[in-house]
Amino acid sequence: MSSNVNPASAQPLASLDEWEDFLKDKYPEPAPAPARSKPAVGVAPDKQKEEFRVYEAEARPTVREFYRLNHTHQTHDFAVAKRREYLGLNRMSMGIWEAMEYLNQLVDDSDPDTDLSQLQHLLQTAEAMRRDSQPRWMILTGLIHDLGKILCLWGEPQWAVVGDTFATGCAFSDKNVFPQFFAANPDSQIARFQTPNGIYEPGCGLDKVVLSWGHDEYIYHVAKDYLPAEGLAMLRYHSFYPWHREGAYDQFCTPADRELMPWVLKFNTYDLYTKSHEAPDVKALKPYYEELIREFFPEKVRW
Ligand SMILES: [Fe+2]
Ligand SMILES: [Fe+2]
């Protein structure tokens with residue numbers, strides 16, 4: 001991986017997963033087990049802010065530049081416009097396995113930490129859940145959770161596809177990584193967006209909050225008629241680290257949102273900590289997963 005960063009580049013990451021390598025350094029311990037976790041706070045509250053800043057200081061220049069672009073350009077209007085652009089799901093009709101192969105065209109430069117293809121990451125996540133005898137809907141959720149990254153194939157820059165998501169339309173939380181980069185976001189100059197609740201009512205529900213745009217929101221909409229609420233929360237909020245690992249944005253949550261958080265944390269342990277260099281045998285696994293897909297999804301799904 002090259003350490004040179006072109007500041008004007010919208011694609012600073014050598015691999016789409018490089019930002020997650022950074023997160024794994026930041027959160028070296030797996031997400032707390034649901035039984036032990038308190039509903040609103042996903043990480044030990046005494047974890048020092050300074051400690052997080054150390055990770056930021058040591059982040060690769062590519063990751064830093066990625067977050068700078070993400071925090072600068074993800075405005076509330078941008079997120080609303082992207083929802084309008086994509087969530088009509090009028091682009092194509094494609095089966096789930098087909099979408100996995102479609103996503104797999106995405107070839108990243110090699111990254112020493114994650115030399116896995118997107119398809120392999122999906123299978124590793126699902127297989128780890130299967131080994132733990134998780135429910136079938138959850139294994140399927142693991143299998144599809146990153147399919148929203150096909151946004152990259154449609155010309156979206158990395159900063160509009162991956163990265164931890166955050167709430168737009170309200171004050172930027174310093175529970176986000178690299179909060180200093182929000183100073184360049186035009187929303188920082190809009191007074192109604194800069195109060196703790198911004199344009200939302202307290203307790204309105206996370207569903208009402210427009211998060212920064214990315215692969216989570218997109219796959220949630222693709223799957224929303226086919227999976228249970230727990231699986232849909234995993235899809236929609238798996239990159240919402242400031243919420244599920246830092247306890248930010250709790251003021252918008254309903255009791256139902258808080259009940260779903262342990263599921264998102266449970267999902268996170270598989271997503272972030274099961275990456276291994278051992279490639280799954282795609283051909284051998286395909287029949288099992290095709291049957292699982294058929295159990296929940298129609299043959300073709302709208303994208
Ligand atoms: Fe993801
Ligand atoms: Fe993932």
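Mentor: One term before we start. Two residues are in contact if their C-beta atoms, placed from the backbone, lie within 7 Å. Also, keep in mind that this is a predicted model.

Trainee: OK. What does the secondary structure of the chain come to?
Mentor: There are 12 helices and 2 strands. Along the sequence the pattern reads α-α-α-α-β-α-α-α-α-α-α-α-α-β.

Trainee: How much of the chain is buried?
Mentor: Buried residues make up 45% of the 303 residues.

Trainee: And what share of the contacts with a separation of 6 or more is between residues 24 or more positions apart?
Mentor: That share is 81%.

Trainee: Take H8, then. At what angle do H8 and H9 pack?
Mentor: The angle is about 150°, and the axes are 6 Å apart. Angles over 145 degrees count as roughly antiparallel, so that is the label for H8 and H9.

Trainee: Which residues meet there?
Mentor: From H8, Asp216, Glu217, Ile219, Tyr220 and Ala223. From H9, Leu232, Leu235, Arg236 and Tyr237. The residues of this contact divide into 6 nonpolar, no polar and 3 charged.

Trainee: New topic. How do H6 and H7 pack?
Mentor: Helix H6 spans residues 118–131. Its angle with H7 is about 165°, with the axes 7 Å apart. H6 and H7 are therefore roughly antiparallel too. Their crossing is right-handed.

Trainee: Which residues meet in that pair?
Mentor: Leu122, Thr125, Ala126, Met129 and Arg130 in H6 meet Met138, Ile139, Gly142 and Leu143 in H7.

Trainee: Zoom in on Leu122. Buried or exposed?
Mentor: Leu122 is buried, because 23 other C-beta atoms lie within 10 Å, and 20 or more is the cut-off.

Trainee: What is Leu122 in contact with, leaving aside neighbours within four places in sequence?
Mentor: Met100, Leu143 and Asp146.

Trainee: How far is Leu122 from Ile139?
Mentor: They are 17 residues apart in sequence and 10.0 Å apart in space, C-alpha to C-alpha.

Trainee: Something else. Which residues other than glycine have a positive phi?
Mentor: Leu89 is one of them, with phi near 50°. Tyr249 is another, with phi near 65°.

Trainee: Where do they lie?
Mentor: Leu89 lies in the loop between helix H4 (76–86) and strand E1 (93–94). Tyr249 lies in the loop between H10 and H11. Leu89 is partly exposed, with 13 other C-beta atoms within 10 Å. Tyr249 is buried, with 23.

Trainee: Last one. What is the mean pLDDT?
Mentor: The mean is 90, and 88% of residues reach 70 or more. Over residues 1–8 the pLDDT is below 50, and this stretch has 11 contacts beyond near neighbours in sequence. Residues 35–46 also stay under 50. For them the model has 20 contacts beyond four places in sequence.

Notes. Residues are numbered from 1 along each chain as its sequence is written. Chains are lettered from A and ligands numbered from 1 in the order in which they are written. This is a predicted model: local features need pLDDT of at least 70, side-chain atom pairs count only at pLDDT 80 or more; totals for chains, interfaces and linings use all residues. Helices (H or I, at least four residues) and strands (E, at least two) are DSSP runs, numbered from the N terminus. A residue is buried if 20 or more other C-beta atoms lie within 10 Å of its own, exposed if 12 or fewer, and partly exposed in between; C-beta atoms are placed from the backbone. Axes are lines fitted to C-alpha atoms, for helices over the stretch in contact, and angles run from 0 to 180 degrees between N-to-C directions. Angles under 35 degrees count as roughly parallel, over 145 as roughly antiparallel, 65 to 115 as roughly perpendicular and the rest as oblique. Ala, Val, Leu, Ile, Met, Phe, Trp, Tyr, Cys and Pro count as nonpolar, Asp, Glu, Lys and Arg as charged, and the others, Gly among them, as polar. A crossing is left-handed if the near helix is turned anticlockwise from the far one by less than a right angle, and right-handed if clockwise. pLDDT is the predictor's confidence in each residue, from 0 to 100.
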